[in-house]
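Hi,

Have a look at the sequence and the model, then read on.

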Amino acid sequence: MSFQNLLIEHKERIQYIIVNRESKLNALNKATIAELHTAFYDAFQNHGVGGIILTGAGQKAFVAGADISEFSDISVDDGDNIARNGQTLVFDLIENGNKPVIAAINGFALGGGLELAMACHIRVAADTAKMGLPEVTLGLIPGYGGTQRLTQLIGKGKALEMIMTADMITAAEALQHGLVNHVVSQESLLPKAEEILNKILLRAPLAIASAITAVNAAAKDGVNGFEVEMEEFSKCFATKDLQEGISAFLQKRKAGFKGE
Ligand code: COA
(Lines give C-alpha, C1' and ligand atoms only; values in the text may rest on other atoms or scores of the structure.)
Protein backbone atom coordinates (compact mmCIF):
# COMPACT_ATOMS: atom_id res chain seq x y z
CA MET A 1 0.00 0.00 0.00
CA SER A 2 1.35 3.46 -0.80
CA PHE A 3 0.72 6.64 1.15
CA GLN A 4 1.08 10.38 0.42
CA ASN A 5 2.26 11.36 3.90
CA LEU A 6 3.84 8.21 5.33
CA LEU A 7 6.76 6.00 4.44
CA ILE A 8 6.51 2.32 5.29
CA GLU A 9 9.66 0.25 5.59
CA HIS A 10 10.24 -3.31 6.70
CA LYS A 11 13.26 -4.72 8.48
CA GLU A 12 12.59 -8.40 9.07
CA ARG A 13 9.60 -8.45 11.47
CA ILE A 14 9.85 -4.75 12.34
CA GLN A 15 7.66 -2.33 10.41
CA TYR A 16 8.70 1.29 10.30
CA ILE A 17 5.93 3.88 9.99
CA ILE A 18 7.55 7.24 9.18
CA VAL A 19 5.53 10.45 9.12
CA ASN A 20 6.81 12.08 5.95
CA ARG A 21 5.91 15.78 5.72
CA GLU A 22 9.36 17.07 6.49
CA SER A 23 8.79 20.57 5.06
CA LYS A 24 5.91 21.02 7.56
CA LEU A 25 7.86 19.38 10.40
CA ASN A 26 5.67 16.29 9.91
CA ALA A 27 2.56 18.11 11.20
CA LEU A 28 -0.54 15.94 11.27
CA ASN A 29 -3.06 17.12 8.72
CA LYS A 30 -6.35 15.25 8.23
CA ALA A 31 -4.91 13.13 5.43
CA THR A 32 -1.99 12.02 7.62
CA ILE A 33 -4.33 11.08 10.46
CA ALA A 34 -6.37 8.96 8.03
CA GLU A 35 -3.23 7.30 6.66
CA LEU A 36 -1.90 6.60 10.16
CA HIS A 37 -5.14 4.79 10.90
CA THR A 38 -4.80 2.61 7.80
CA ALA A 39 -1.09 1.95 8.35
CA PHE A 40 -1.49 0.90 11.99
CA TYR A 41 -4.66 -1.10 11.32
CA ASP A 42 -2.86 -3.03 8.57
CA ALA A 43 0.29 -3.54 10.65
CA PHE A 44 -1.73 -4.94 13.55
CA GLN A 45 -3.48 -7.40 11.16
CA ASN A 46 -0.37 -8.42 9.23
CA HIS A 47 1.08 -11.68 10.56
CA GLY A 48 4.47 -10.83 9.08
CA VAL A 49 4.77 -7.78 11.34
CA GLY A 50 5.96 -8.39 14.90
CA GLY A 51 6.20 -4.79 16.10
CA ILE A 52 6.26 -1.21 14.89
CA ILE A 53 8.66 1.73 15.17
CA LEU A 54 7.02 5.10 14.60
CA THR A 55 9.25 8.06 13.75
CA GLY A 56 9.37 11.27 11.73
CA ALA A 57 11.19 12.00 8.49
CA GLY A 58 14.38 14.06 8.79
CA GLN A 59 16.28 15.03 11.91
CA LYS A 60 14.33 18.11 12.99
CA ALA A 61 10.91 16.83 13.98
CA PHE A 62 9.14 13.71 15.08
CA VAL A 63 5.81 15.49 14.63
CA ALA A 64 5.35 19.22 15.40
CA GLY A 65 1.67 18.84 16.21
CA ALA A 66 -1.64 18.89 14.46
CA ASP A 67 -1.56 20.93 11.26
CA ILE A 68 -2.46 24.39 12.52
CA SER A 69 -3.40 25.58 9.02
CA GLU A 70 -6.46 23.31 9.16
CA PHE A 71 -7.74 24.88 12.40
CA SER A 72 -9.30 28.07 11.01
CA ASP A 73 -13.09 28.31 10.84
CA ILE A 74 -13.77 25.15 12.82
CA SER A 75 -17.11 24.95 14.63
CA VAL A 76 -17.56 23.42 18.08
CA ASP A 77 -19.06 20.32 16.43
CA ASP A 78 -16.16 20.07 13.99
CA GLY A 79 -13.74 20.39 16.91
CA ASP A 80 -15.52 17.56 18.69
CA ASN A 81 -15.28 15.39 15.54
CA ILE A 82 -11.58 16.14 15.05
CA ALA A 83 -10.72 15.09 18.60
CA ARG A 84 -13.13 12.14 18.77
CA ASN A 85 -12.20 10.63 15.38
CA GLY A 86 -8.49 11.21 15.88
CA GLN A 87 -8.48 9.68 19.34
CA THR A 88 -10.48 6.64 18.29
CA LEU A 89 -8.96 6.00 14.87
CA VAL A 90 -5.31 6.63 15.67
CA PHE A 91 -4.30 7.31 19.26
CA ASP A 92 -6.47 4.70 21.01
CA LEU A 93 -5.86 2.25 18.15
CA ILE A 94 -2.10 2.48 18.74
CA GLU A 95 -2.36 2.31 22.53
CA ASN A 96 -4.64 -0.74 22.41
CA GLY A 97 -2.79 -2.45 19.56
CA ASN A 98 -1.94 -6.14 19.78
CA LYS A 99 1.73 -5.52 18.89
CA PRO A 100 4.39 -3.40 20.56
CA VAL A 101 4.78 0.12 19.19
CA ILE A 102 7.91 2.16 19.94
CA ALA A 103 8.08 5.89 19.28
CA ALA A 104 11.54 6.94 18.13
CA ILE A 105 11.41 10.67 18.88
CA ASN A 106 13.93 12.19 16.49
CA GLY A 107 13.22 15.89 17.10
CA PHE A 108 10.31 18.16 18.05
CA ALA A 109 7.37 16.21 19.50
CA LEU A 110 4.84 18.94 20.12
CA GLY A 111 1.08 18.95 20.64
CA GLY A 112 -0.40 16.09 18.62
CA GLY A 113 3.17 14.86 18.05
CA LEU A 114 3.81 14.34 21.74
CA GLU A 115 0.31 12.89 22.03
CA LEU A 116 1.19 10.43 19.27
CA ALA A 117 4.41 9.44 21.05
CA MET A 118 2.49 9.03 24.32
CA ALA A 119 0.00 6.67 22.67
CA CYS A 120 2.92 4.36 21.83
CA HIS A 121 3.96 1.70 24.33
CA ILE A 122 7.60 2.77 24.68
CA ARG A 123 9.37 6.04 23.87
CA VAL A 124 13.03 6.44 22.94
CA ALA A 125 14.24 10.00 22.30
CA ALA A 126 17.26 11.52 20.58
CA ASP A 127 19.17 13.82 22.92
CA THR A 128 18.29 16.71 20.59
CA ALA A 129 14.52 16.14 20.88
CA LYS A 130 12.22 18.68 22.49
CA MET A 131 8.77 17.89 23.80
CA GLY A 132 5.77 19.93 24.85
CA LEU A 133 2.04 20.53 24.64
CA PRO A 134 1.89 24.16 23.44
CA GLU A 135 -1.83 24.23 22.51
CA VAL A 136 -2.74 27.03 24.98
CA THR A 137 -0.50 29.38 22.97
CA LEU A 138 -3.12 29.01 20.23
CA GLY A 139 -6.15 29.20 22.52
CA LEU A 140 -6.64 25.43 22.52
CA ILE A 141 -5.97 22.51 24.81
CA PRO A 142 -4.61 19.10 23.79
CA GLY A 143 -7.34 17.12 22.02
CA TYR A 144 -5.73 13.78 21.20
CA GLY A 145 -5.52 12.46 24.76
CA GLY A 146 -2.65 14.68 25.91
CA THR A 147 -4.22 15.87 29.16
CA GLN A 148 -4.86 12.26 30.16
CA ARG A 149 -1.74 10.43 28.97
CA LEU A 150 0.71 13.12 30.11
CA THR A 151 -0.89 13.07 33.56
CA GLN A 152 -0.66 9.26 33.66
CA LEU A 153 2.99 9.31 32.63
CA ILE A 154 4.43 12.19 34.67
CA GLY A 155 1.80 13.06 37.31
CA LYS A 156 -0.70 15.89 37.64
CA GLY A 157 1.57 18.67 38.93
CA LYS A 158 4.18 18.48 36.19
CA ALA A 159 1.53 17.80 33.52
CA LEU A 160 -0.38 20.94 34.48
CA GLU A 161 2.85 22.95 34.52
CA MET A 162 3.79 21.76 31.02
CA ILE A 163 0.30 22.27 29.61
CA MET A 164 -0.34 25.68 31.24
CA THR A 165 3.10 27.19 30.56
CA ALA A 166 3.30 25.56 27.09
CA ASP A 167 7.03 25.18 27.77
CA MET A 168 9.05 22.62 25.84
CA ILE A 169 11.26 20.28 27.82
CA THR A 170 14.51 18.67 26.70
CA ALA A 171 14.93 14.93 26.19
CA ALA A 172 17.00 14.80 29.40
CA GLU A 173 14.16 16.43 31.38
CA ALA A 174 11.64 14.10 29.73
CA LEU A 175 13.72 11.14 30.90
CA GLN A 176 13.91 12.52 34.42
CA HIS A 177 10.10 12.83 34.55
CA GLY A 178 9.45 9.38 33.06
CA LEU A 179 7.99 10.77 29.84
CA VAL A 180 10.50 8.78 27.77
CA ASN A 181 12.16 5.44 28.52
CA HIS A 182 15.60 6.16 27.04
CA VAL A 183 17.61 9.06 25.61
CA VAL A 184 20.37 8.34 23.12
CA SER A 185 22.29 10.20 20.40
CA GLN A 186 20.49 10.87 17.11
CA GLU A 187 22.65 8.17 15.39
CA SER A 188 21.76 5.61 18.05
CA LEU A 189 18.03 6.35 18.04
CA LEU A 190 16.79 3.75 15.57
CA PRO A 191 19.34 1.10 16.63
CA LYS A 192 18.18 1.54 20.25
CA ALA A 193 14.50 1.28 19.27
CA GLU A 194 15.30 -1.84 17.20
CA GLU A 195 17.30 -3.38 20.06
CA ILE A 196 14.34 -3.03 22.44
CA LEU A 197 11.83 -4.24 19.86
CA ASN A 198 13.98 -7.21 18.80
CA LYS A 199 14.16 -8.30 22.43
CA ILE A 200 10.35 -8.10 22.74
CA LEU A 201 10.01 -10.07 19.49
CA LEU A 202 11.80 -13.02 21.10
CA ARG A 203 8.97 -13.27 23.65
CA ALA A 204 5.58 -14.93 23.22
CA PRO A 205 3.48 -12.63 20.97
CA LEU A 206 0.09 -13.50 22.47
CA ALA A 207 1.48 -12.91 25.97
CA ILE A 208 2.80 -9.52 24.79
CA ALA A 209 -0.68 -8.64 23.49
CA SER A 210 -2.20 -9.69 26.82
CA ALA A 211 0.38 -7.65 28.73
CA ILE A 212 -0.53 -4.54 26.70
CA THR A 213 -4.24 -5.08 27.40
CA ALA A 214 -3.70 -5.65 31.12
CA VAL A 215 -1.32 -2.72 31.66
CA ASN A 216 -3.62 -0.38 29.69
CA ALA A 217 -6.48 -1.40 31.99
CA ALA A 218 -4.67 0.33 34.87
CA ALA A 219 -5.50 3.68 33.31
CA LYS A 220 -9.09 2.98 32.19
CA ASP A 221 -11.92 4.48 34.20
CA GLY A 222 -14.53 2.02 35.38
CA VAL A 223 -12.37 -0.97 34.45
CA ASN A 224 -11.02 -3.28 37.14
CA GLY A 225 -7.45 -3.82 36.00
CA PHE A 226 -6.95 -6.76 38.37
CA GLU A 227 -9.95 -8.47 36.76
CA VAL A 228 -8.53 -7.81 33.27
CA GLU A 229 -5.17 -9.20 34.37
CA MET A 230 -6.79 -12.42 35.64
CA GLU A 231 -8.69 -12.85 32.35
CA GLU A 232 -5.58 -12.25 30.25
CA PHE A 233 -3.47 -14.51 32.49
CA SER A 234 -5.93 -17.39 32.16
CA LYS A 235 -6.21 -16.92 28.36
CA CYS A 236 -2.49 -17.67 28.09
CA PHE A 237 -3.20 -21.27 29.15
CA ALA A 238 -5.07 -21.83 25.88
CA THR A 239 -1.98 -20.97 23.79
CA LYS A 240 0.55 -23.29 22.18
CA ASP A 241 3.13 -20.62 22.99
CA LEU A 242 2.80 -21.35 26.71
CA GLN A 243 3.41 -25.06 26.09
CA GLU A 244 6.43 -24.13 23.96
CA GLY A 245 7.76 -21.74 26.64
CA ILE A 246 7.47 -24.37 29.36
CA SER A 247 8.97 -27.14 27.18
CA ALA A 248 11.87 -24.89 26.16
CA PHE A 249 12.59 -24.03 29.79
CA LEU A 250 12.52 -27.68 30.88
CA GLN A 251 14.63 -28.77 27.89
CA LYS A 252 17.10 -25.93 28.50
CA ARG A 253 16.73 -24.49 24.99
CA LYS A 254 15.50 -21.22 23.50
CA ALA A 255 11.75 -21.01 22.89
CA GLY A 256 10.51 -20.64 19.33
CA PHE A 257 7.16 -18.90 19.67
CA LYS A 258 4.67 -18.87 16.81
CA GLY A 259 2.01 -16.60 18.27
CA GLU A 260 -0.46 -19.48 18.47
N1 COA B 1 1.15 22.90 11.73
C2 COA B 1 1.36 23.37 10.48
N3 COA B 1 2.56 23.74 10.02
C4 COA B 1 3.61 23.64 10.85
C5 COA B 1 3.47 23.15 12.17
C6 COA B 1 2.18 22.79 12.60
N7 COA B 1 1.94 22.29 13.82
N8 COA B 1 4.68 23.18 12.78
C9 COA B 1 5.55 23.65 11.85
N10 COA B 1 4.90 23.92 10.70
C11 COA B 1 5.47 24.44 9.44
C12 COA B 1 5.75 25.93 9.52
O13 COA B 1 4.58 26.67 9.27
C14 COA B 1 6.80 26.07 8.44
O15 COA B 1 6.14 26.02 7.18
P16 COA B 1 6.55 27.09 6.02
O17 COA B 1 8.02 26.81 5.75
O18 COA B 1 5.66 26.74 4.87
O19 COA B 1 6.34 28.46 6.59
C20 COA B 1 7.59 24.77 8.55
O21 COA B 1 6.74 23.85 9.22
C22 COA B 1 8.86 24.91 9.36
O23 COA B 1 8.52 25.43 10.63
P24 COA B 1 9.18 26.76 11.26
O25 COA B 1 8.23 27.32 12.25
O26 COA B 1 9.64 27.68 10.18
O27 COA B 1 10.47 26.14 12.00
P28 COA B 1 11.22 26.73 13.24
O29 COA B 1 12.49 25.96 13.38
O30 COA B 1 11.32 28.22 13.16
O31 COA B 1 10.28 26.41 14.52
C32 COA B 1 8.80 25.03 15.87
C33 COA B 1 10.02 25.08 14.89
C34 COA B 1 8.48 23.57 16.09
C35 COA B 1 9.19 25.69 17.19
C36 COA B 1 7.62 25.78 15.23
O37 COA B 1 7.42 25.29 13.90
C38 COA B 1 6.33 25.64 15.98
O39 COA B 1 6.15 26.25 17.01
N40 COA B 1 5.37 24.83 15.43
C41 COA B 1 4.04 24.69 15.99
C42 COA B 1 4.06 23.80 17.20
C43 COA B 1 2.67 23.72 17.82
O44 COA B 1 2.13 24.69 18.30
N45 COA B 1 2.10 22.52 17.79
C46 COA B 1 0.82 22.26 18.37
C47 COA B 1 -0.25 22.37 17.35
S48 COA B 1 -1.86 22.11 18.06
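Asp80 has a relative accessible area of 34%, so Asp80 is partly exposed (buried is under 20%, exposed over 50%, partly exposed in between, with a 1.4 Å probe and protein chains only). Its salt-bridge partner is Arg84, with the closest N and O atoms 3.0 Å apart; a salt bridge here is a side-chain nitrogen of Lys or Arg within 4 Å of a carboxyl oxygen of Asp or Glu. Arg84 counts as exposed, at 52%. Both residues lie in helix H2, four residues apart, about one turn of the helix. Helices (H or I, at least four residues) and strands (E, at least two) are DSSP runs, numbered from the N terminus.

This is a predicted model: local features need pLDDT of at least 70, side-chain atom pairs count only at pLDDT 80 or more, and totals for chains, interfaces and linings use all residues. Residues are numbered from 1 along each chain as its sequence is written, and side-chain values use heavy atoms, leaving out hydrogens and water.

The structure holds ten salt bridges. In another of them, Asp67 pairs with Arg21, at 3.0 Å between the closest N and O atoms. Asp67 sits in the loop between strand S4 and helix H2, and Arg21 in the loop between strand S2 and helix H1, so the pair ties together parts 46 residues apart in sequence. Both residues are buried.

Val124, in strand S7, is buried too, at 0% relative accessibility.

Enjoy exploring!
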